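Here is a short briefing to read alongside the model. Take a look at the structure first, and then we can walk through a few of its features together.

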Amino acid sequence: MTALNGIRGGKFIVVGRVGMDLSPTDRAQTEHATDMFVAMGGSSANIAAGLVKLGLNADLVTCVSDDAVGRYCLNQLDAYGVGRAHVRTIQGEERTSLAVYETRVEDHQSVIYRNNAADFQMSVEDVEAVDYTQFTALITAGTVFASDPSRTAAFRAFELAKKAGLPIIFDVDYRPYSWPSPEVAADVLSRAGALSDVIVGNDEEFGFMAGGMDKGRAKARDLARSTAEIVVYKMGQHGAVTYTATDEIPTGIYPAEAVKPTGAGDSFMAGFMAALAENRDLKTAILRGSACASIVVAKPGCAPAMPDVAQLDAFLTDHPGPTAGPTQ
């Protein structure tokens with residue numbers, strides 16, 4: 001697999017948003033909160049932070065607003081060691097995204113402020129300013145394609161990365177509230193998937209792209225046999241099936257006492273990529289990603305909860321092991 005060569009290089013350019021997360025403390029409901037826990041958020045920024053914590057290099061490409069929230073995000077990127085030379089500060093009415101979500105599973109509520117989002121102002125000029133030869137792989141999440149100019153810029157980044165020989169790793173990450181319509185989302189996300197070398201998504205996302213939940217698994221399998229090298233079809237508590245041109249690899253999850261449902265996908269991606277970068281086999285890499293997801297849902301915050309290598313290894317040593325995974 002040629003994509004693995006780039007992933008093993010361990011230098012990732014990550015395209016997509018950074019934001020601020022606010023969570024009520026003591027597992028309170030938002031409407032009854034008196035204190036908030038603040039942390040860096042945004043799918044792409046979370047993935048980048050997770051990669052760095054696991055010993056790899058990651059730079060982010062996005063835009064933030066010229067205000068206190070934007071500066072908070074820049075400071076957090078610095079604190080996590082994520083490169084931000086390609087994070088542009090913009091002036092105007094656009095604002096850096098804000099997420100208010102609860103550290104609770106029962107009756108969990110998340111409120112995402114994405115109106116006039118700063119990251120959607122990422123331009124073709126922003127992605128063309130990147131020297132892709134300094135990186136070995138590109139990662140992005142689906143939200144980056146939800147609006148222009150970000151959408152056009154992201155497709156241009158794909159083009160430039162491919163020209164430089166970088167594999168494209170794509171987390172479908174469909175968020176309906178970011179898109180003008182389901183029809184636009186299905187078309188654009190399918191186009192992005194067709195250009196990607198590694199695709200990660202859940203059963204609902206693949207079903208959405210395929211035009212029906214009953215067609216999602218076949219969509220994932222077909223992508224692995226046509227344009228992609230690795231396709232991970234996640235099925236929540238049932239585990240995942242990973243497809244390549246010749247194999248179908250079922251894997252389970254590491255059961256954990258979740259305190260929230262958020263951050264699992266970002267942590268999975270970071271752990272999966274880090275394991276592949278360490279030259280681990282595909283099944284082991286998926287399981288290490290699954291372990292990272294379990295670690296994150298068991299702690300408050302998303303980026304702060306991402307494990308480092310020692311924490312991941314300790315979790316795997318102490319845990320009784322993964323479930324059997326889905327049947328074929």
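Strand 11 (residues 230-234) and strand 12 (residues 240-243) are antiparallel partners joined over 4 bridges; strands are DSSP runs (E, at least two residues; helices are H or I, at least four), numbered from the N terminus, and two strands pair if DSSP finds at least two bridges between them. This is a predicted model, in which local features need pLDDT of at least 70 and side-chain atom pairs count only at pLDDT 80 or more, while totals for chains, interfaces and linings use all residues. Residues are numbered from 1 along each chain as its sequence is written, and side-chain values use heavy atoms, with hydrogens and water left out.

**The sheet**
- Valine 231 has tyrosine 243 in strand 12 as its bridge partner.
- The open sheet has 9 strands in the order 5-4-1-8-9-10-11-12-13, and its pairing is mixed.
- Strand 5 (83-90) and strand 13 (248-251) are at the edges with a single partner strand each, so one side of each has no neighbour in the sheet.

**Helix 2 with helix 9**
- Helix 2 (residues 43-53) and helix 9 (residues 264-277) have axes that come within 8 Å and cross at roughly 40 degrees (axes are lines fitted to C-alpha atoms, for helices over the stretch in contact, and angles run from 0 to 180 degrees between N-to-C directions).
- Ser43, Asn46, Ile47, Gly50 and Leu51 of helix 2 touch Asp266, Met269, Ala270 and Met273 of helix 9, where contact means heavy atoms within 4.5 Å.
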